[in-house]
Amino acid sequence: MSFDKQLRIVITGASSGIGEAIALDLAKNGHKFFLTGRNKARLQKVANKVAEKGGIAYYGVGDVGNTDVVESHYTQALSHLGGIDVLIANAGVGYFGYLEDITIEQFDEQFSTNVRGVFLWLRKVVPLMRQQNRGQIIVTSSNLGLEVRPKASIYCATKHAVQAMVRALREELKGTMVKAATINPGAVATPWFEGRNVDRSKMLQVSDVVKAVRLIIEQSETSDIDHILLLPGRK
Ligand SMILES: NC(=O)c1ccc[n+]([C@@H]2O[C@H](COP(=O)([O-])OP(=O)(O)OC[C@H]3O[C@@H](n4cnc5c(N)ncnc54)[C@H](OP(=O)(O)O)[C@@H]3O)[C@@H](O)[C@H]2O)c1
């Protein structure tokens with residue numbers, strides 16, 4: 001898609017980290033956004049910053065795993081934007097530790113946010129994009145959607161689930177001009193790690209992830225990126 005045209009972009013999990021960074025960077029091209037998350041004050045701040053950079057932003061507050069919330073956000077997004085060219089399904093949460101130490105509540109929250117939240121948006125946006133015969137879906141998966149590591153079993157399971165969801169969706173979208181891709185970053189220095197005793201100096205930066213998102217959105221009609229795996233350059 002060309003950045004010369006004003007794109008209508010939905011970003012879930014836009015109140016912080018990767019989602020916020022994508023919104024602020026793409027705002028420079030004057031696009032229109034519908035941003036979601038649970039924290040109204042943070043969304044308002046991001047929307048203001050988008051406007052300062054030249055974009056137009058609306059937002060919806062609520063849990064991405066809740067059907068009524070997503071139905072309402074989808075309706076609001078359509079009425080504010082007049083259509084959706086790009087969906088960035090990015091909201092996510094992670095709890096880490098040995099499998100037996102993950103609580104049932106943490107299991108449910110991860111699957112609700114990372115898997116159900118993606119499904120709820122896809123089931124609304126895919127029919128719209130099919131009708132337009134145009135659109136780009138980007139799901140924030142993880143390197144842990146492609147591989148596993150200890151003390152991340154349930155998080156890995158959620159990201160493998162979305163990876164499979166997008167792979168199968170790509171098969172279903174064959175013959176259309178609707179494209180779906182995942183971005184698969186390793187550790188990215190975001191508020192995700194706040195309060196966790198980890199060294200962020202060797203992590204990817206949000207700007208690295210933003211570049212991958214731009215590459216996917218800007219790809220030409222003759223290209224259909226499947227996924228972009230980003231690993232930290234500093235070892
Ligand atoms: N940081 C990393 O190392 C890394 C690496 C690979 C993949 N990822 C993935 O990247 C995505 C973004 O993570 P991040 O690093 O930017 O973390 P972050 O700064 O913690 O941002 C997470 C975003 O998701 C939203 N969110 C979480 N639970 C939600 C819920 N139930 N309903 C609606 N929104 C919800 C948060 O908004 P509210 O708090 O306002 O609800 C926030 O905007 C996630 O899918 C994560 O799995 C992160």
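**View 1. Order of the elements in the protein chain.** From the N terminus, the elements of the protein chain follow one another as β-α-β-α-β-α-β-α-β-α-β-α-β, with helices being DSSP runs of H or I of at least four residues and strands runs of E of at least two, numbered from the N terminus. The radius of gyration over C-alpha atoms is 17 Å, close to the 18 Å that the globule rule (2.2 Å times the number of residues to the power 0.38) gives for 235 residues, so the protein chain is as compact as a globular protein of that length. The model is predicted, with local features needing pLDDT of at least 70 and side-chain atom pairs counting only at pLDDT 80 or more, whereas totals for chains, interfaces and linings use all residues. Residues are numbered from 1 along each chain as its sequence is written.

**View 2. Crossing of helix 4 and helix 5.** The axes of helix 4 (residues 104–132) and helix 5 (residues 153–172), lines fitted to C-alpha atoms over the stretch in contact, come within 9 Å and cross at roughly 15° between N-to-C directions, on a scale from 0 to 180 degrees. Helix 4 is therefore roughly parallel to helix 5 (an angle under 35 degrees).

**View 3. Residues where helix 4 meets helix 5.** Contacts, defined by C-beta atoms placed from the backbone and lying within 7 Å, involve residues of helix 4 including Phe-107, Phe-111 and Leu-122, and residues of helix 5 including Ile-154, Lys-159 and Met-165. By class, this contact of helix 4 with helix 5 has 12 nonpolar residues (Ala, Val, Leu, Ile, Met, Phe, Trp, Tyr, Cys and Pro), 1 charged residue (Asp, Glu, Lys and Arg) and 3 polar residues (the others, Gly among them).

**View 4. Contacts along the protein chain.** Among contacts with a separation of 6 or more, 68% join residues 24 or more positions apart.

Notes. Contact = placed C-beta atoms within 7 Å. Parallel < 35°, antiparallel > 145°, perpendicular 65-115°, else oblique.
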